[in-house]
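Please look through the sequence and the model shown below before reading on.

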Amino acid sequence: MKVWLLFIFGIVPIISQAQNRMISGEVTDKEYNPIEFVTISLLSANDSSLIAGTITNEKGKFTLSCEEKKDYIVRASHIEYTTTFIAAGQSTNNMTFILEPSIISMEEIIIKSNFIKHEYDRIIVNMKGNPVVKGRTINEALGMLPGVINMNDELRLNGGTVSKIYINGRELHDRTELSSLQATDIENVEILPEADLQYNATTKGGIIYIFEKKCRWRRQWFTLFARRNEKKK
């Protein structure tokens, strides 16, 4: 009996792993330079619903996990480049996206390092002078940031949920407020993709911190206070 139990519990993980597969690839520009912070979205081929998501690393690489024997569409999007789609059949892997410059990046002088900074647990996006803010609400602008997707005014982060949103250190309980605030009033945004791993078990999904220009001092105080608490933990 014990032998059979060991066999059953040993074979179940193998079967579970066999039902999943990995979709990997890279994103480059026309000169084959890797593009970092590209939002990669895994969409259902049937109804284009969002299944999972991630962002490319400094080498332009990405990896996604999905179920076997299903067809998907992989979408690569970045503010400086045109959005590109590739159909992912049941055996497709090692995808290569070559992105063309978008209208925004051709009309504006964009220095990527001025707008996006990557720290060990978060992505910090400088919104001052950033072309994503022009004529958009905060909710619309957030959907163009690395890893964040706006689907019918519902924000998703790397394919998962956005568990909490803070504006100037205040937790936002009514997210319709995001559609009434202008993105031009924002100083910067901090995105924590895996807050459930970084903080505590009660926080599931990512966290987004939004700081307005008029509250720059509050951002500095809040960041210092939050990181002191992290060290204590």
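What follows is a walk through salt bridges in this structure.

This is a predicted model, in which local features need pLDDT of at least 70 and side-chain atom pairs count only at pLDDT 80 or more, while totals for chains, interfaces and linings use all residues. Residues are numbered from 1 along each chain as its sequence is written, and side-chain values use heavy atoms, with hydrogens and water left out.

Side chains of opposite charge can pair when their charged atoms come close. Here a salt bridge means a side-chain nitrogen of Lys or Arg within 4 Å of a carboxyl oxygen of Asp or Glu, and by this rule the count comes to six salt bridges.

One of them joins Glu26 to Lys61, whose closest N and O atoms are 3.3 Å apart. This pair links distant parts of the chain, since Glu26 belongs to strand β1 (residues 20-28) and Lys61 to strand β4 (residues 61-67), 35 residues apart; strands are DSSP runs of E, at least two residues long, numbered from the N terminus. Glu26 is partly exposed, with a relative accessible area of 25%, and Lys61 is also partly exposed, at 40%. Buried means under 20% relative accessible area, exposed over 50%, and partly exposed in between, with a 1.4 Å probe and protein chains only.

Arg122 and Glu190 form another salt bridge, at 2.8 Å from N to O. Arg122 lies in the loop between β8 (116-118) and β9 (123-126) and Glu190 in strand β14 (residues 186-192), so the pair ties together parts that are 68 residues apart in sequence. Both Arg122 and Glu190 are buried.

How values were computed:
Helices (H or I, at least four residues) and strands (E, at least two) are DSSP runs, numbered from the N terminus.
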